[in-house]
Amino acid sequence: MAQFVDWDLAAATAKALGKGGPEISLAEATEVVAELRGLIDEAAGHVNEFARLTPKVAHHPVKVVDRGDWAAVNVEGLKTVITPIADRLTGGRELNGISAMIGPRLTGVQAGTVLAYLSGRVLGQFEVFSTDPGELMLVAPNIVEAERKLEAVPHDFRLWVCLHEVTHRSQFTAVPWMRDFFLSQVRDFADAAQAGNEQFGERLRAALGALADSARNPESRMSVLDIVQTPAQRVIVDRLTALMTVLEGHAEFVMDGVGPEVVPTVDEIRARFNKRRESHNPIDRLVRRLLGIEMKMRQYAEGHKFVQTVVERVGIDRFNEIWTSPQTLPTTAEIGDPDAWIERVPGASAGG
């Protein structure tokens, strides 16, 4: 099996380069962990009632982790995604010569650097690649740091975050086909990789060129991922983008729908949090664009608008027809035209 990435080095790099957490006493840290665990259960009741989704998979206890633990889990996730692509590119042959000596270590450092950056930003995550569906992580240092920067009421902010993350858990545990469909798209992405190092090398060189172009052009929306994809992979990424836009938009819609009833300061939190998302640091904006994080931020807004429009038109029960099968998911075009989705999906239009 080809070893394109030194995963042990990736984990070590992420740990070494990751930012330290905020100043916090042991007693306060213990209190934060205990409160977050309790708030997940509270949020689950609110989310299930509002979204009308019933989980069909038993939930594991929530994992409250630090930045290093989050990075370590995601090293395994990246390994799950990248290893099949590497095998596809090399036909399963081992690398040899200088490529075998330097290549995996270089990519290991690169992967670790990316995870170190992200580990300081992520508040929570439903672990889709886990062998046991239902695992949810909350990154306690990032939640505490964010609530302090936003000057938010800690209990309110923590519950607000839990509403978002529990919605993602409900999406994957209440919709039986969702996780398998997502993972099948990831496998199809790997299968669509072009075999042969020459083609991949050309795309990689183009990606490096994109780094310079993006630095010079602050309006560019191109990411490294856009460059290295093959045409076949772009089709799959289009489907994944539509899916993730709906999932993120639905989570935003649910947290905003539940929020006013259970989070007294939700309006202040939302306003300050949205402002936080708009980074004015040019280096930070560049990194986020190159890693595709800017696209994720657009997904929040575009997905929220789609979900809200559909629910306003036909109600939450008819909106939930979206979870019937992969065929009832909206296309990227329909996300921008909710009425087209309502017209295409019979169960949804029946509620109009």
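**Close-up 1. Strands β2 and β3 run antiparallel and are joined by three bridges.** Strand β3 spans residues 136–139. G124 sits opposite L138 of β3. Strands are DSSP runs (E, at least two residues) and helices are runs of H or I (at least four residues), numbered from the N terminus. Two strands pair if DSSP finds at least two bridges between them. This is a predicted model, with residues numbered from 1 along each chain as its sequence is written. Local features need pLDDT of at least 70, side-chain atom pairs count only at pLDDT 80 or more, totals for chains, interfaces and linings use all residues, and side-chain values use heavy atoms, with hydrogens and water left out.

**Close-up 2. The open sheet has three strands in the order β1-β3-β2.** Its pairing is mixed. The edge strands, β1 (63–65) and β2 (124–126), each pair on one side only.

**Close-up 3. Helix α5 (residues 140–150) is mostly covered.** Nine of its 11 residues are buried (under 20% relative accessible area; 1.4 Å probe, protein chains only; exposed is over 50%, partly exposed in between). Among them are P141, I143 and L150. Just after α5, E151 takes a positive phi of about 55 degrees.

**Close-up 4. F157 is among the residues with the most contacts inside the largest nonpolar core.** A nonpolar core is a set of buried Ala, Val, Leu, Ile, Met, Phe, Trp, Tyr and Cys residues joined through side-chain atoms within 4.5 Å. Helix α10 (residues 231–262) gives the most to this core, with 11 residues.
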